[in-house]
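Student: I have a model open and would like to learn how to read it. Can you walk me through some features?

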Amino acid sequence: MGNNFIQQYIYMKSKKGLGEGIDRAIFTPELDEDFIEKYLQPLSSSEIQKDNKHKDNYPPSFQLIQPETGQLVIGQQLLNAQSNILSAHYFIIPGASKDEWVKNPEKLFHAQFANGTEVDDEESLAELSDIPCKKTENIYRKKQELFYSLKIDESIFKKLLLACLAATESGKTVYISLDVPILEHSRHAMTLLELLYIHLPYAARAVLGAVSFKEAAAKQKYVHLMFVEPGSIRLRNHVFENQFVFDFTTKRISGVDMEGQKHEYLDFAYDALQTASRLDDFFLFAERALKGLKLADQLNISYYNRLCAIYLLEETAYDGYERDKLGILQLLLALLQKNHKEKPEIIDITGKILHRERLQKDPAIAKEYMKAVFAINQITRQVEAVEFTVRTLAYFNDEQLAHEIWTLLQKYPLLYKQVLLFMDDIKGSYQEVLFLHVDDKLSQRHSLELFLANLADLLHAHSFFIDDKEFVKRVKKRFLLEVKKSSKPFFVAEELFVFLTEQHIHPDFIEVVMPDIKLELLKLAQLERLQLEDVRIFGVLFLSPQGQRDAALYKKGVEGEIFRLLSALYKAFFEQIDHIYSITELVDGYLVDDAKQAGKNMMKEAGLFEPYERLVLFFQRRDGKVEHDKLFAFLAIYGTGVQMLEYIRWSYKKYGMQDIGYVRALKGYLAGDRNSIWKDKDYQRKLKAIRSQSFKKLLKEVKRKRSSKVSLLFGKYGFLLVLIAILAAGGFLLK
């Protein structure tokens with residue numbers, strides 16, 4: 001069934017009774033047999049399986065189903081009493097054409113169906129481009145007779161309409177038993193069915209299934225509205241459990257409760273019924289508005305109640321909106337979250353609401369209302385949201401609710417920025433509101449993490465804070481407090497600097513704030529507690545291209561001395577120093593001792609002795625000579641055997657036998673230091689492997705010195721004492 005033509009199917013049963021097999025079925029050749037078997041045969045055979053007590057006046061049964069395949073099926077079952085033929089004729093409207101029929105229901109309910117005697121000689125049926133219709137009286141003219149005959153009033157009609165809409169959403173069934181003679185049943189059932197259908201939204205029409213007559217109630221797939229034989233409803237029957245039941249013969253209604261409820265949509269529909277007005281304009285509006293939403297939402301009565309209120313806003317009827325402001329705005333948001341570019345009416349209505357309201361004063365709904373305003377603005381970018389937000393914040397100014405609204409607003413950076421700009425532009429009017437907001441954002445009670453996040457929010461939102469002296473003063477105060485109270489002030493200062501740069505805060509603001517922080521670091525610096533990481537951070541903050549812009553501020557007084565000292569240490573540890581031959585090249589003479597001591601402390605703490613050019617620098621005197629004996633003693637205590645071996649290899653190449661002080665210090669270390677690597681045979685072997693005759697000669701002298709020391713001990717104290725001393729020393733070393 002891939003074409004756009006209407007297919008036909010006719011089924012006939014005759015002769016011996018209604019319980020035997022199919023006599024005849026004819027259909028258009030293009031009609032899919034699987035479709036016939038799955039949908040049409042169960043539909044057409046459902047009645048003939050039962051004895052018929054209305055054989056002489058069996059009412060025609062109109063059938064409407066809309067299976068999940070997308071087609072719309074309408075048909076009629078008719079019993080010809082004279083010929084004893086039960087026939088069923090169905091038109092199958094393709095899904096591509098379905099919308100036209102849904103929106104023009106007169107074509108459905110006044111279709112002209114064939115009966116069994118009209119098709120006796122036909123072998124197949126033709127495809128159709130349209131369905132023949134009977135001329136009939138206007139449906140609204142029939143309404144008065146129908147309501148009088150069935151005693152339908154406003155309440156009953158609204159309940160019927162609500163039940164039909166709810167049935168399409170929930171899958172339940174509306175069962176109706178009319179209090180009319182069987183001969184009148186078809187006429188009244190079809191009139192009521194059509195009236196209900198034309199007052200249902202298009203989405204419900206496109207789902208609804210209906211049967212205009214059934215001898216006994218039964219659950220039938222794809223059917224939401226079923227008219228049953230008068231007097232056949234028995235509420236104890238499990239079929240009616242949790243369903244909608246309208247028994248006009250007993251005046252009983254169950255399953256529908258509208259007590260104390262206000263339904264704008266039902267009121268609107270009933271008013272239209274009373275004035276014989278079609279609701280197509282509203283239904284088209286609702287269809288466009290609901291586009292993209294899930295089917296359950298398109299069948300939900302609450303959506304149509306609010307859509308009605310929204311639709312009536314165009315006519316400046318705000319009663320429905322006033323009763324449910326929050327719900328309507330939340331619905332507008334839900335509508336705009338799907339296909340908003342195709343919904344200019346909804347966007348326009350939203351702007352009109354905000355323009356008319358000016359602000360939200362009701363504290364009970366203000367927070368959720370503003371949340372919807374912000375989310376809508378993120379979609380539509382309507383300017384009305386800016387002033388609406390500003391006025392609402394000003395209204396609740398110093399209340400907790402204002403704080404909560406600000407917190408929500410910050411999740412929408414663009415609108416947040418626009419609100420701040422608006423407040424700043426309207427000088428005086430909103431300055432207090434803005435001041436209280438900034439005061440809250442930069443409160444000292446916030447953690448540093450939250451303070452920084454809030455700071456970034458404000459600076460990203462508006463650049464005027466950069467030139468606001470009070471704002472800058474407040475930020476400096478917090479930054480200085482964090483640096484002063486920390487046991488690692490350099491670390492905190494770097495954390496602040498990195499945050500500002502990574503957040504792309506305007507360089508002008510960084511240049512205004514950071515100098516005070518950097519100056520405080522110089523005041524807090526204690527040479528004996530300086531760590532290598534502090535020196536690295538100093539280089540980032542003070543010696544980088546950006547950091548050097550304010551270098552002139554740090555060259556006076558005690559802070560200036562610390563600055564020069566840290567600069568020297570930074571060059572020694574983090575720059576190439578193979579071209580530097582004296583510590584005085586890095587720092588002024590009167591700071592040499594402090595620099596040397598600080599450098600030694602850092603090497604000791606970090607175990608960082610290479611490159612050896614730097615190690616040597618920190619053991620130079622002011623005259624440039626190296627204190628080799630002290631260097632060997634330092635490395636022997638704080639370095640490892642491997643580091644000492646490597647230093648000896650490097651230093652002997654550098655100084656050799658020409659530097660008498662070096663040679664004397666090396667011999668003294670190897671021969672006499674308690675931590676000498678000469679005591680280890682493996683290191684002895686590695687030292688002897690150094691390719692230098694002069695060095696080998698030096699090692700022989702070391703060996704001879706160590707041997708002579710043992711001999712002297714033996715001669716002075718005797719063999720026993722020396723042996724005890726050697727054993728004791730060996731035991732100590734083994735520990």
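Predicted model: local features only at pLDDT ≥ 70, side-chain atom pairs only at ≥ 80, totals over all residues.

Student: Where do I begin with two packed helices?

Tutor: Two packed helices are described by the angle between their axes and the distance between the axes. Take α29, residues 641–655, and α30, residues 660–672. Their axes come within 11 Å and cross at roughly 155°. That angle makes α29 roughly antiparallel to α30, because angles over 145 degrees count as such.

Student: What is the handedness of the crossing where α29 passes α30?

Tutor: α29 passes α30 in a left-handed crossing.

Student: Which residues of α29 and α30 meet?

Tutor: From α29 come Met644, Ile648, Ser651, Tyr652 and Tyr655. From α30 come Tyr662, Leu666, Tyr669 and Leu670. By class, the contact of α29 with α30 has eight nonpolar residues, one polar and no charged ones.

Student: How does α29 pack with α31?

Tutor: Helix α31 spans residues 681–688. The axes of α29 and α31 are 11 Å apart, at an angle of about 15°. That makes α29 roughly parallel to α31, since the angle is under 35 degrees. The crossing of α29 past α31 is right-handed.

Student: Which residues make the contact between α29 and α31?

Tutor: On α29, find Gly641, Val642, Leu645, Ile648 and Arg649. On α31, find Tyr683, Lys686 and Leu687. The classes in the contact of α29 with α31 are five nonpolar, one polar and two charged. Look at Ile648: this residue of α29 meets α30 and also α31.

Student: Give me one more pair. How do α14 and α16 cross?

Tutor: α14 covers residues 344–357 and α16 covers residues 384–395. Their axes come within 9 Å and cross at roughly 30°. α14 passes α16 in a left-handed crossing. Gly351, Leu354, His355 and Glu357 of α14 make the contact with Glu384, Ala385 and Phe388 of α16. By class, the contact of α14 with α16 has three nonpolar, two polar and two charged residues.

Student: Now single residues. Is Thr392 buried or exposed?

Tutor: Check the relative accessibility. Thr392 sits in helix α16. Thr392 counts as buried because its relative accessibility is 0%. Then look for polar partners. A polar atom of the Thr392 side chain lies 3.1 Å from the backbone nitrogen of Gln360. Beyond its neighbours within four places in sequence, Thr392 is in contact with Leu359, Gln360, Met370 and Ile405.

Student: And Thr168, buried or exposed?

Tutor: Thr168 is in helix α5, residues 154–170. Its relative accessible area is 7%, so Thr168 is buried. The Thr168 side chain reaches the backbone oxygen of Leu165 at 2.6 Å. Leaving out residues up to four places away in sequence, Thr168 touches Ala204, Val207, Leu208, His224 and Leu299.

Student: What about Glu322?

Tutor: Glu322 counts as partly exposed, because its relative accessibility is 38%. Glu322 lies in helix α12, residues 319–323. Its side chain and that of Lys325 are joined by a polar contact of 3.5 Å. Not counting residues up to four places away in sequence, Glu322 touches Arg356 and Glu357. Glu357 is also one of the α14 residues that contact α16.

Student: Where is Ser129, and what does Ser129 touch?

Tutor: Ser129 is in the loop between α3 and α4. At 66% relative accessibility, Ser129 counts as exposed. Setting aside residues up to four places away in sequence, Ser129 touches Phe5 and Ile6.

Note on methods:
Residues numbered from 1 in each chain as written. Heavy atoms only, no water. Axes fitted to C-alpha atoms, helices over the stretch in contact; angles between N-to-C directions. Helix = DSSP H or I, 4+ residues; strand = E, 2+ residues; numbered from the N terminus. Parallel < 35°, antiparallel > 145°, perpendicular 65-115°, else oblique. Left-handed = near helix turned anticlockwise from the far one by under 90°. Contact = heavy atoms within 4.5 Å. Nonpolar A, V, L, I, M, F, W, Y, C, P; charged D, E, K, R; others polar. Buried < 20%, exposed > 50% of the residue type's maximum accessible area, 1.4 Å probe, protein only. Polar contact = N/O pair within 3.5 Å; in protein donor to acceptor, adjacent residues only side chain to side chain.
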